[in-house]
Amino acid sequence: MALATLDVVVLDCPDPRALAGFYAAVLGGTVEGDGDWVDLKVPGGPSLAFQRASGFVPPEWPAADRSQQFHLDLAVEDLDTAEKGVLELGARPLDTEDRSRTFRVYADPAGHPFCLCAC
């Protein structure tokens with residue numbers, strides 16, 4: 001028997017509203033709240049929350065001394081189309097050179113790694 005259920009995935013960041021807006025543009029959904037905590041209610045999926053973290057230092061890809069700690073895998077139909085969209089929204093490519101793979105790695109505007117996956 002489970003002891004708990006997953007409620008929300010929370011990302012630390014310097015600007016919760018801005019990062020919630022980025023993921024709302026990528027995933028859809030509704031941004032709720034302002035200030036130090038902002039929620040993104042994603043249709044048909046788990047919610048994301050964004051928490052202001054003073055002194056936030058983004059992870060680096062790949063780097064043992066500033067590891068990613070976690071990342072989001074985002075399912076897409078077409079990698080090229082999704083890549084164009086996230087780059088226009090402010091994502092930064094981290095590991096996208098191997099076009100034969102079924103995934104590509106990016107950083108969101110706050111520096112969190114995430115993958116677009118056509119798996």
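Visitor: What lies over the face of Phe103?

Guide: In this predicted model, Arg101 lies over the face of Phe103, at 4.2 Å from the ring centre. The cut-off for the distance from CZ of Arg to the ring centre is 6 Å, and 4.2 Å is within it.

Visitor: Why is the pair of Phe22 and Phe114 called edge-to-face?

Guide: The planes of Phe22 and Phe114 stand at 65 degrees, and an angle over 60 counts as edge-to-face. The centres are 6.1 Å apart, within the 6.5 Å required of a pair. Phe22 lies in helix H1 and Phe114 in strand E8, so the pair ties together parts that are 92 residues apart in sequence.

Visitor: How do you know that Phe22 and Phe114 are buried?

Guide: Buried means under 20% relative accessible area. Phe22 has 4% relative accessibility and therefore counts as buried; Phe114, at 0%, counts as buried too.

Visitor: What makes the pair of Tyr23 and Phe50 stacked?

Guide: The angle between the planes of Tyr23 and Phe50 is 20 degrees, and planes under 30 degrees apart count as stacked. The centre-to-centre distance is 5.9 Å. Tyr23 belongs to helix H1 and Phe50 to strand E4, so this pair ties together parts that are 27 residues apart in sequence. Ring pairs link Phe22, Tyr23, Phe50, Tyr106 and Phe114 into a cluster.

Visitor: Which residues touch the most other members of the largest nonpolar core?

Guide: This core has 23 residues, and those touching the most other members are Leu19, Tyr23, Leu40, Leu48, Phe50, Phe114 and Leu116. Helix H1 gives the most to the core, with 5 residues.

Visitor: Why does Glu83 count as buried?

Guide: The relative accessibility of Glu83 is 10%, and the limit for buried is under 20%; Glu83 therefore counts as buried. Glu83 is found in helix H2. Leaving aside neighbours within four places in sequence, its contacts include Arg99, Arg104 and Leu116.

Key. Residues are numbered from 1 along each chain as its sequence is written. This is a predicted model: local features need pLDDT of at least 70, side-chain atom pairs count only at pLDDT 80 or more; totals for chains, interfaces and linings use all residues. Side-chain values use heavy atoms; hydrogens and water are left out. A nonpolar core is a set of buried Ala, Val, Leu, Ile, Met, Phe, Trp, Tyr and Cys residues joined through side-chain atoms within 4.5 Å. Buried means under 20% relative accessible area, exposed over 50%, partly exposed in between (1.4 Å probe, protein chains only). Helices (H or I, at least four residues) and strands (E, at least two) are DSSP runs, numbered from the N terminus. Contact means heavy atoms within 4.5 Å. Rings of Phe, Tyr and Trp (its six-membered ring) pair if their centres lie within 6.5 Å; planes under 30 degrees apart count as stacked, over 60 as edge-to-face and the rest as tilted. A charge sits over a ring if NZ of Lys or CZ of Arg is within 6 Å of the ring centre and within 35 degrees of the ring normal.
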